[in-house]
Amino acid sequence: MTIPRLCVALMMISLLVMAACKDKRRERVWTIGFSQCVGSDLWRRTMLEEMKTELSLQPNHKFLYADADNNSAAQIAQVKDMLKKGIDVLIISPNEALPLTDIVEETFKKGIPVIVIDRKTASSVYTAYIGAENFQVGKMAGGYLARLLRFKGNVLEITGLPGSSPAMERSRGLKEAFRPYPGIRVAAQVHGDWLPENTKRALQAERDKLADIDAVFAHNDRMAQSARHTLRQLGLDSAIKVIGVDALPGAGGGLDMVSSGTLTASVLYPTGGKEAIDIAFRILRKQAFQKENLLKSVVIDRSNVQLMQLQWARIRDQQKDIERQQKLMAEQKEIYRNQRFVLNLIVVTLVLAVVFGGLAFRALQTIRRQRNQLIEMSEKAAAATEAKLNFFTNISHEFRTPLTLIISPLEDLQKNTKVATAAGRELNLIHKNVHRLLRLVNQLMDYRKIEHKELKLHATPNSLTAFVGEIVDHFRHIAAKRHIDLRLLVKADPNTVWFDTDMLDKVLFNLLSNAFKFTADHGRIYVSVDRNDREAVVEVSDNGLGMDEEEQGKIFNRFYQSDARRGGGSGLGLSLSKELMALHKGAIKVASKKGEGTVFSVHLPLGEAHLSETERKPSAGRQLAPYHEAPEEAPSPISLVKEQSLLIVEDNLELLEYLTSKFENDYQVFTANSGTDGLHIAFEQIPDLIISDVVIPGISGRELTKQLKADVRTSHIPVILLTAQDSVEQQISGIQSNADAYLTKPFHFDYLRASVENLLRNRAVLKAHYISDLPLSGNQKAPVSNIDKKFLNDFARLVEQNLANEQLSVDELAKAVGVSRVQLYRKVKALLNCTVTDYVMNRRLKKAKYYLANEHHSVSEISYLVGISSPTYFSTLFKNRYGMTPTAYKKTVFGNKL
């Protein structure tokens with residue numbers, strides 16, 4: 001066959017192949033990826049089923065599904081894998097907002113639409129969002145309960161995980177629904193953490209508060225079901241209504257619970273699965289869609305549950321019919337494709353026979369060229385990585401010189417008696433953190449030495465028991481300060497053991513430091529020394545937080561840090577300890593149970609046969625007891641009661657201690673390390689001013705400020721918010737929460753002190769104004785909230801109306817205002833700087849002065865008109881107040897008029 005004929009034949013074959021593939025090209029197949037944070041619970045399984053139901057109505061699609069099992073790192077990896085496989089749109093339900101933000105933005109910037117469902121990320125860089133509004137769910141449940149209880153009764157609220165946005169929003173919605181109805185209230189609140197077992201324990205612990213409960217609102221149906229069972233066990237089931245959230249279909253779902261009478265009602269919390277698929281295809285087909293899609297909800301009770309169940313059953317039946325029809329269509333298409341495939345195979349075989357040899361040769365050349373490129377790139381990457389590590393190590397070396405120059409003059413200052421007296425605590429804090437930084441630099445340098453095999457073992461024979469005892473003694477002070485039971489137990493003395501004192505010191509010090517970080521106050525830490533035939537064993541055990549099996553598998557990984565740490569760290573300590581024990585031909589092991597404690601064990605071989613001659617040679621100038629960080633001495637208590645008080649809310653213990661030490665000489669200082677504790681202390685102590693961090697455990701600083709300013713007991717207290725969030729929008733948000741001042745970190749302490757003094761000074765101006773009843777001048781603007789104005793106006797009006805009542809008491813005034821006797825006393829003292837009794841007497845004498853100057857009453861009549869039954873006592877009080885008797889004052893006034 002000539003070349004032209006061969007070309008014509010190849011063209012004909014190509015046309016046949018193109019014709020055979022024409023139908024396939026015409027059918028565009030969309031690939032939709034769905035990354036689920038966890039798919040094990042019923043609500044999320046329902047979401048997936050809704051997606052599959054909606055997908056069954058859409059032709060030509062491919063659905064990729066991945067379950068991250070509550071692991072953000074795994075979810076990120078799954079999304080990256082989907083991007084490698086090639087997807088046209090990504091639907092993602094984030095496990096956590098912040099960790100998933102980057103991968104969502106990266107996907108979006110690649111031109112792939114991203115639909116975020118249920119939970120948002122930390123930015124608005126996505127194509128569309130679908131989710132229910134938790135505030136409306138709580139408000140809807142509250143409105144239903146109010147009607148069900150006829151607007152009168154006590155409600156027990158079982159919340160989800162404290163601090164989570166769904167739990168906070170649902171709780172806020174419930175209280176908003178109850179606000180118009182004073183007869184119904186949230187009488188008690190327990191935390192179920194979304195789990196039925198936690199709900200049961202919480203209710204059993206609060207069983208004394210359940211006697212007067214008329215209804216229960218749980219933040220999901222599983223906690224509501226647990227509450228129903230627990231109430232039955234306690235004999236309180238007959239009259240109490242139980243409301244849940246989710247209303248899921250299927251066996252064990254909320255619809256079954258309502259239908260069976262286990263729950264009184266459930267608020268539908270839609271999953272959004274159907275809507276997600278619908279919007280995905282709208283995006284792919286270039287149709288109009290909304291970016292923000294908030295799903296509606298409804299209350300389901302015995303009146304409509306059967307209808308919902310019937311609708312769900314019908315949807316299930318229709319889904320099965322659609323799947324059956326699609327299966328038949330797929331079978332017919334498969335038969336058609338198989339028939340065409342035989343023909344296409346013959347045609348393609350002819351083409352392959354012509355070009356296979358050339359393609360194979362070119363492919364071989366390409367593979368060789370790519371392999372050489374990969375080898376070259378790998379070598380360049382290794383060289384670049386090594387250069388980066390060397391640079392970082394060199395920088396770490398450079399840190400040591402300025403650290404030394406800081407430590408030396410610092411220690412000289414500490415030795416100076418005058419300087420130590422004036423700033424001893426601040427110098428100790430600097431000294432502690434400088435050595436902490438130096439220890440971290442040393443750890444990094446040790447790691448680099450291990451990687452390059454430059455760190456050598458220099459073992460010497462030592463008494464292991466005495467060595468361990470010396471290290472334990474360094475922690476005696478902090479143990480006593482935190483009331484931790486620290487013991488050294490010698491089960492069997494191994495006597496002389498060969499080890500490198502510097503290395504083993506780092507290992508044991510790190511283990512004890514971790515034990516103190518993870519052990520609560522009043523806990524226990526035991527250090528034991530033991531031996532067997534082959535090795536000596538040192539164990540460090542505590543009854544702290546403990547770890548699960550997954551965390552135990554990661555604890556020795558470089559830079560790994562537990563989420564439950566009491567303090568920060570670099571994540572190098574345990575990894576470095578493992579390498580140091582490997583140099584000893586020993587080992588370090590861990591055994592732990594979540595919530596029960598942890599045991600770290602260090603194993604050292606006995607004898608010296610396992611060590612080489614160079615490893616047994618001690619190095620010169622090594623120190624047996626390197627520097628350890630010692631906790632600061634606790635300040636001695638101040639016995640004097642200060643005139644004004646501050647409440648400081650801060651979860652960083654060092655910053656909290658620093659601020660306390662700076663203010664305690666001038667103010668009585670109360671402290672709290674969470675927003676919840678701070679709110680409790682504020683209501684109990686009524687301080688003159690509150691300083692709070694914005695990001696704190698429990699309720700945030702902004703929420704704390706809102707609650708304080710909304711409560712009549714604390715609305716007058718100035719609040720200063722501290723935060724590391726320094727953007728203009730974040731500062732505006734802080735001020736909008738009714739904070740009186742907003743300072744960004746790092747702040748200058750003198751500026752903070754000036755802010756405190758200024759706010760207290762303005763408060764004093766306000767007090768003087770209301771005591772004297774004189775208007776403020778134009779340049780005296782004391783901040784006062786609408787709540788405080790209303791309180792003072794109501795209080796003054798009540799006193800004025802009851803001046804003639806000689807039996808007027810503090811209890812009557814408190815009852816009329818609507819607060820307790822103690823709260824009235826503290827509120828008046830804070831706003832007016834006087835007692836309730838003093839204020840009433842002052843008003844009576846001022847009224848009497850008015851009567852004497854403007855009315856023609858006798859002194860005795862005026863005495864009765866202002867509620868003082870004894871004219872003699874009235875004359876004495878008037879003279880003490882104004883320097884003359886009522887008769888003399890009256891003569892003076894009328895004499896002047898003449």
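Let's start where helix 27 meets helix 29: on the helix 27 side you'll find Met-841, Asn-842, Leu-845, Lys-846, Ala-848, Lys-849 and Leu-852, and across from them in helix 29 sit Phe-874, Leu-877, Phe-878, Arg-881 and Tyr-882. Sort the residues of this contact by type and you get 8 nonpolar, 3 charged and 1 polar. Keep in mind, please, that we're looking at a predicted model.

How are these two helices set against each other? Helix 27 spans residues 836-854 and helix 29 spans 871-882; their axes lie 11 Å apart and the packing angle is about 95°. Angles from 65 to 115 degrees count as roughly perpendicular, so that is the label for helix 27 and helix 29.

Now, over to the largest nonpolar core, which has 43 residues. Leu-464, Leu-504 and Val-602 have the most contacts inside this core. Helices 14, 16 and 18 and strands 15, 16, 17 and 19 each give two or more residues to it, and helix 16 gives the most, with 9.

What does Leu-504 touch, if we skip its neighbours within four places in sequence? Its contacts are Leu-464, Phe-467, Phe-499, Met-581, Val-602 and Leu-604. Apart from this core there is another, of 42 residues, including Leu-48, Leu-174, Ala-280 and Ile-283.

Zooming out, then, to the whole chain. We have 898 residues, 41% of them buried, with 30 helices and 24 strands. Take the contacts between residues at least 6 apart in sequence: 71% of those join residues at least 24 apart.

Methods: Residues are numbered from 1 along each chain as its sequence is written. This is a predicted model: local features need pLDDT of at least 70, side-chain atom pairs count only at pLDDT 80 or more; totals for chains, interfaces and linings use all residues. Side-chain values use heavy atoms; hydrogens and water are left out. Helices (H or I, at least four residues) and strands (E, at least two) are DSSP runs, numbered from the N terminus. Buried means under 20% relative accessible area, exposed over 50%, partly exposed in between (1.4 Å probe, protein chains only). Contact means heavy atoms within 4.5 Å. A nonpolar core is a set of buried Ala, Val, Leu, Ile, Met, Phe, Trp, Tyr and Cys residues joined through side-chain atoms within 4.5 Å. Axes are lines fitted to C-alpha atoms, for helices over the stretch in contact, and angles run from 0 to 180 degrees between N-to-C directions. Angles under 35 degrees count as roughly parallel, over 145 as roughly antiparallel, 65 to 115 as roughly perpendicular and the rest as oblique. Ala, Val, Leu, Ile, Met, Phe, Trp, Tyr, Cys and Pro count as nonpolar, Asp, Glu, Lys and Arg as charged, and the others, Gly among them, as polar.
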